[in-house]
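The entries below follow the order in which I looked things up.

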Amino acid sequence: MLDAVTASLRDVLTMTYCGWNANLDAVIAKKRKEIVPDLRIVLGGPSFDHDDNDWIAEFFRNNPYADLFITGEGELSFLIYLQILQKNDLDLFRLDSSQWPFSFYSFDYKSGQVIHTPMNLIGRMDLAEIPSPYHSEILDEFLDDLRFAPIIETNLGCPYSCSFCVWGQATLSVVRQFDLQTVIDEINYIGMRSKNPTKIFYVAEANFGMVKRDITIDESFITCREKYACPERLYIYASKIQTKTTLKTFEILKPIAGMSMSLQSTNEHVLELIGRKNIGMENYEANRLEAERRGIRTHCELIYGLPGESYESFTDGISKVLKTGQERIQLYVILLNLGADTATAASREMFGFKTALPVQGREACGTFGDVSSVEYEEIVIGSGTSIDWSSSLLLVRSKNSGTVSKGLKLTSLCCRNS
Ligand code: B12
Ligand code: SF4
């Protein structure tokens, strides 16, 4: 891929900036700017604190290779960027920044000022107008490559706003749906074409089973599987508020997916601090029992180290979940993901987070062509006066009593939310 980037380098290099490739972006940018000094480098993606000017200034000082950061959904903003280049001799900076759309951020190193025009709001693109990248065949080479697994997106955004999660940000809070027929056609196209040996599909949405049309999408997954023996497995997250529709959705999907029943915390004070509402333990138990009756596999997720969570409240939460009969609980450490409220300077100050920067998994380190990089993630190991989570214990169920026993050292650090 890097060779392709180098071979086609001309005027603009665009990259997604995420926690897991931030350092890789930097080394690639540096090398490519050496080859093409005038190269414009445009970043986009979720890891950007657009509300904090000091943070933004620091970001550009630390990443001097970046000419521009485009926040939010990229489709329309990037189109506007290209139109501006076309009209301005390939130079965004010829256009007075007062005319830039609000999603553009840059930096004037001489004055130390962030360049941003918050007033120039642009609308959102009608999702029905966005053609499927799969149908354009541009992704065929990835579908043909055994190392890549396909991701499909049937809607965008999440109506909830848990502070540790980037999905919960205001810009993503309105859920919008892609055209149903396009989604169904994509499922069949991917099922027919994907060479990934695990035959997995990633479904990139926060609350599957929240709306009735998900039942139609389900049926497409299942008929596609019957036709092409693919997908055999879905990486999918169910709506955190399970309704009759959610149960119906996952009943259909049960040959290829279980239903997540995430809580993240059961402590009311913690939930208030992180802006999350759960369904309540009585409803949780009723839904879990109903899922079991219908033969749907379920699991719960809990995050430790959340603001206000103590060792006692966390283990109490595990006991409560076990008492509902839930057999599988996945424990995650809280990550401070840039772009999420918990990672802002204000939240760090309010909760007094102590953090550590462990190296991410093996796939986030390495040498790729002429560049090497290592990525880190930021995890909370303590906050305020609460306990030191770095010595967290993995909590295991003592089988019959539904209580929790402690004893194992934490071995896995990972976090995926819903
Ligand atoms: C599928 C997925 C995964 C998959 C695949 C990841 C991969 N490497 O491809 C798996 C399960 C492996 C995964 C793992 C993780 N994930 Co994940 N994942 C997602 C998910 C659900 C979809 C991502 C996606 O492909 N979306 C489809 C694309 C088209 O949309 P998009 O990425 O939002 O991009 C749009 C804009 O951001 C923008 N844009 C993006 N790049 C650019 C570039 C330019 C130049 C421009 C102009 C615009 C632009 O335009 C795009 C279209 O509108 C998102 C949540 C979500 N719905 O976005 C979380 C998400 C990206 N994951 C997240 C996290 C934290 C992780 C993990 C770190 C968790 C962990 N500790 O294990 C790991 C990291 C693993 C890794 N090394 O990659 C966070 C990222 C937060 C952050 N600030 O970085 C998200 C946002 C979820 C969340 N709860 O907040 N993940
Ligand atoms: S954790 Fe789940 S419910 Fe909460 S904002 Fe993120 S995606 Fe939405």
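I started with Glu137, which I found to be exposed, with 11 other C-beta atoms within 10 Å. For this I used the rule that a residue is buried if 20 or more other C-beta atoms lie within 10 Å of its own, exposed if 12 or fewer, and partly exposed in between, the C-beta atoms being placed from the backbone. Glu137 also has a positive phi of about 70 degrees although it is not a glycine, and its place is the loop between strand 5 (113–115) and helix 5 (140–143). Helices (H or I, at least four residues) and strands (E, at least two) are DSSP runs, numbered from the N terminus.

I noted that the model is predicted, that local features need pLDDT of at least 70 and side-chain atom pairs pLDDT 80 or more, while totals for chains, interfaces and linings use all residues. Residues are numbered from 1 along each chain as its sequence is written, and chains are lettered from A and ligands numbered from 1 in the order in which they are written.

Next I looked up Asp89, whose phi is near 55 degrees, a positive value in a residue other than glycine. I located Asp89 in the loop between helix 4 (74–87) and strand 4 (104–108), and I recorded it as exposed, with 7 other C-beta atoms within 10 Å.

I then turned to the peptide bond between Cys230 and Pro231, which is cis, with omega about 5 degrees. Pro231 belongs to the loop between helix 7 (213–228) and strand 10 (233–235).

Last, I wrote down that the protein has twelve helices and 19 strands, and that buried residues make up 33% of its 418 residues.
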